[in-house]
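Subject: Structure handover

Hello,

Here is the structure I said I would pass on. Please look it over first; my notes on what was found follow below.

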Amino acid sequence: MLGLDKGDHVTLTMDEAHPVSLLDTGVQGVIGKPLSRVDGPDKVSGAATYAAEYALDDLAYGVLVGAAIGKGRVVSIDAAAAKAMPGVIDVVTDFDTFIRVSQQGGETEAPTQGVRDIEYFGEIIAIVVAETFEAARDAAERLPVEYERGDGVFAFSMDDARDGDLPTNIVPARTEQGDIDQAMRDAAVSVDVTYTTPSQNSAAMEPHASIATWEGDSLTLYGAYQMPTSDAQQLAESLGIAADKVRIIAHFIGGGFGSKLGIAPESVAAAVAAKRLGRPVKAVMMRQQVFDATVRRSNTSQRMRLAARADGTLIGIGHETTASNLSTEDFFEPAGISTHFLYAGDNRLVSHDLVRLNWLLSGSMRAPGEAVGLLGLECAVDELAMALDIDPIELRRINEPARDPEKDVDFSSRALMPALDTGAKRFGWEQRPVRPGTRREGEWLIGMGVAAAARANMLMETSAKVAIHPDGSVTVSSAMTDIGTGSYTILTQVAAEMLGVPMDRITMELGDTNDVPAAGSGGSWGACSSGSAIYLACEALRGKLARAMDVAEAALTLKDGRAIGDNRSTPIGDLVGDGIEAIGTIKPGEQEELFTQASYGAHFAEVAVNRVTGETRVRRMLGVFAAGRILNEKTARSQCLGGMTFGIGAALTEDLIHDTRTGKLVNRDLAEYHVPVNADVPQLEVVFLPERDIHANPIHAKGIGELGICGAGAAIANAIYNATAIRVRGFPITLDKLIAALPAV
Amino acid sequence: MKFTINGRSYEAEADIRTSVLDLLREHVGLTGSKKGCDHGQCGACTVLINGRRVNSCLTLAVMHQDDEITTIEGLGTPDDLHPLQAAFVAHDGYQCGYCTPGQICSAVGMLDEAKKGWPSHVSADLEHSDLSDAEISERMSGNICRCAAYPNIVDAIREVAGRAPAGRDVAGADA
Amino acid sequence: MKTFTYEKATSAEAAVADTAATTRFIAGGTNLLDLMKLQVETPEKLVDISRLPLAEIEDMDDGGLRIGALVPNSDLAADSRVIERYEVLSRALLAGASGQLRNKATTGGNLLQRTRCYYFYDTSTPCNKRERGTGCSAIGGFNRILAVLGTSDQCIATHPSDMAVAMRALDATIVTLKHDGDKRRLSIHDFYRLPGDTPDIETVLEPGELITHVELPAPPQGARQLYSKVRDRASYAFALVSVAGVVAVEDGKIASAALAFGGLGPMPWRDAAVEAALVGKVPSDDGFAAAADALLKGAQGFGSNDFKIPLARRTLIACLRDLTGE
């Protein structure tokens, strides 16, 4: 904005609102448009190169070895036996350096290291390196390892002791306001129920993969990572080398959904092996190892308490979550994150705690917090609506807060009720069976459900460099990533709109830590953070162009590669000499504290439940979302489709099971961990409500990548209740949980 | 071992245990076919062998030396896309792109199966099934997309199926 | 995957020459390679039978069909004669796996699929089927997808096939070529073995014995056929419970009934008592309930699979209504 330094490096800290965005006055006409992905032709023709696909000379193949016990200690590894096998080069381990768990996203330290001690089944203890993948796999599978078994805790029990006082994870572990117990006693109608959600796996289609190659004391890692800047720091810390000695390249990433936020065990194993062998090493996790040894979304047990007056006014909300993690890790699933601000009510308790288990690390998976927290909250609200005999949408209207109900601040923007009302009309909400279990079509029971969507908005410190070349073309570079979210495309749109340059004249260089640092992709902050950084760099370049053309910046129009002003029109390449460039950096600021920032929406689902078998099919689903400016309607819609489908999986099928005797994952492949297939997903409808959020960032957009999952599963669960009059409080709602209560055949 | 891939001849010195998928990715340099699970549980590795869609991870290279293997690279290039590839771009039938080559190869094979009149699990009449959305979804259910572009994938395939009779043979007859 | 020697069979006779326990035939390979990658199967030699001339479907004189062991599942499902005469088989095949897998998986291989028991697939856990005498991890473990009928204290695995369930309802005959050149004709009812103390031995096939054909007798006149599969996803998932039914009603009474079940037992399950409860009777809910009682009389759940017992009952009753209703 005016008054900021127009030098080569522009930084904006979001301490104040940013009421005017140049994207609204751009005339290139690409921002927001449903443009096809710029990287699309490469992706559909197999030309996009993912981490494991770099053909390096002298590459050796590494296959990881996971511990075959759930708790204890490695006594010895018989490397000689493996090395005697044809093609095997070496068995590499380093009991001190290998990382025991993946790191959480955005951390700059190494994760917990040391793999002599086994804390969970499948912990990566060694890497077998061979001339071929086939030889490495065979030797890894047969590697003799001697263990000393310890006593682990392998079953989640609410009877187990908990920490009681955990460090903040996005939200504080516990906040309290008023007296929820008293509110429950005072309530005319109340709900006090416990919902449980299982462990889940992100199950990105690309398994975690790293190719490590050293040049002297410098490491280059081709890795499938969402946040290369901090991942490189984690990797350097793990290896005990300087951060500037690590370069991560991640041009294409085959999905992440949180599982690739921080470095995973294959990265350090590949790096250590490559160093020791003096040649590049590729380590790709087996799908079973992705399940065993990366990261899971924690299971949760959520006690929901809602206290209401007879007219539906909430006087108390309690959301007490117990999740699980390893004893060394403090990440807790922040399930109460949106309970803080979604509904009014004076007496509030939102708390989180952990049961300590010898299960795989728990961490962030798509919408950590809301994705499972809204299953509890939005189903409980549905239960309250039934108890009050008030329409669930009307109940939400009654409890719509004017300001943040816990902090003395306004919402930056909030379109929950418009989303619910728009959706209700479009979905035909008035046609739903008001009495549950009353609509039948042949063997199928039909029901409709609704749930609110909310996702806290985040901005992360991120930079981008933008260069205009003498031929008028533009290069944007940053250590940002595109994990399928559309970054290549939407960021090109931002630059094109800001500089008035056709899309095909812009080269978007992402996924390389040699470029300026970025927060990467996660927490739905990617588009807003990187988009804002590019905005700032382009704004600086606009100033330079204006000066070069000798017109006032406000009088400058940029379109189709030309600068227009003062009745003159010049190709921008002619204004840049040998080329100009600028770096933009966005930083979060006081606006985060001064306003509660979130994106909102509403989910509607119609399900059919087979009255004989209990099988549930989602027939229709509608999501209405308001997330600030939509940068590309097509890719944003796809993000929402993906989130809604994660909601289908969470509601109906996904359930990561640990054997409570050994801690071993039972269903550790894609045949038995059931992510939705095409036939599980009907044609989903997505509607965006127009919105701008001037408190969020200069581009007025908010995160969209996770909003689609938030509440989606709850709408399905509520629809199942509406169809069957059966309230299942343990997710996923598989048929076995329904048939006992279904009518006799 | 000798192979015919996308109409070209290749020779590779490979371990007897090498799958067609690993042959493509590690020996021939055709990395368009993806490894998502290596156990036939995701479909990312789908290629066409003699025109039929199969999971290339679950078959040995040594068994396919006399066959015609067609991969995503053989269907089209970024500058000259196959109609299904173009439709996937137009309809955003992907996000991260990792399952996409498998989806497209699968769709090519699937449309050929449909043209031959093969029924599916959701066909009410096994002798006459038209390619409804439900049919496309069922027939494409061997290709998992965790980004969940399923509705867009169905849109893309429906569009190509609709114009197939008049346009280019999408069944991959050259496969 | 352990390494192996590879041999391409030039004839069925040549294929059966090797009777070593460590030799396996490979055709579609969709299950064998899956298991070899995990070292659940560790053959020392693979005999490639995929190019043998056993991929034809032929009419038999009695109105039945003779199906080559190498006919892919997808071709079998789409064969017009199968659709016309054995809809239950076509439906069962189409309910299984995915289009890609059906294109590769063969008729013979499908009959010999190994269980999908989680513990069988995981070499770090004991499993009597994988290695006799090591114990059964599924008993006392997580056993949601496992068997409630025909189990032993050594094994509670299920047979995962859909196709074989339909074939059991159709009274298929499995034709084999033995090592000594003799041909055997085995009723599918005698083909599979209960686990007992030897869950690693699943069929009566002898070492080197090759399935060459499956023969289906002519279907009963006027019978209605149905395959109903209950599963956790809408597609691409194994059966929790499935029912293959071939039932004829004449003059208001059930004239014949053949009912086979998937997801319940260690083999495609068929129980004469179920059919005896139906045949000769006027279709009625009481009769259907009696059939379900007969099916599930000895059923035993192991915790997380208890639900299969009521699920099987409900599914069978609904299927019988469909098979006998107006």
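In this predicted model, the C-alpha centres of domain 1 and domain 2 of chain B are 21 Å apart. As for where these domains run, the assignment for chain B places domain 1 at 2-74 and domain 2 at 83-163.

The two domains touch. Domain 1 of chain B puts 15 residues into the contact, and domain 2 of chain B puts in 14 residues. On the domain 1 side, the elements giving two or more residues are strand E3 (46-49) and strand E4 (52-55) of chain B. E3(B) provides the largest share of that side, with three residues. Sorted by class, the side of domain 1 of chain B that touches domain 2 of chain B holds six nonpolar, six polar and three charged residues.

Chain B also meets chain C. Here 29 residues come from chain B and 26 residues from chain C. On the chain B side, at least two residues each are supplied by E4, helix H4 (100-115) and helix H5 (133-139). The largest share of the chain B side is that of E4(B), at four residues. By class, the side of chain B that touches chain C consists of 10 nonpolar, 11 polar and eight charged residues.

One element to look at when you open the file is strand E4 of chain B: it gives residues to the side of domain 1 that touches domain 2, and it also supplies residues to the side of chain B that touches chain C.

Regards

Notes. Residues numbered from 1 in each chain as written. Chains lettered and ligands numbered in written order. Predicted model: local features only at pLDDT ≥ 70, side-chain atom pairs only at ≥ 80, totals over all residues. Domains from an automatic or database assignment. Contact = placed C-beta atoms within 7 Å. Nonpolar A, V, L, I, M, F, W, Y, C, P; charged D, E, K, R; others polar.
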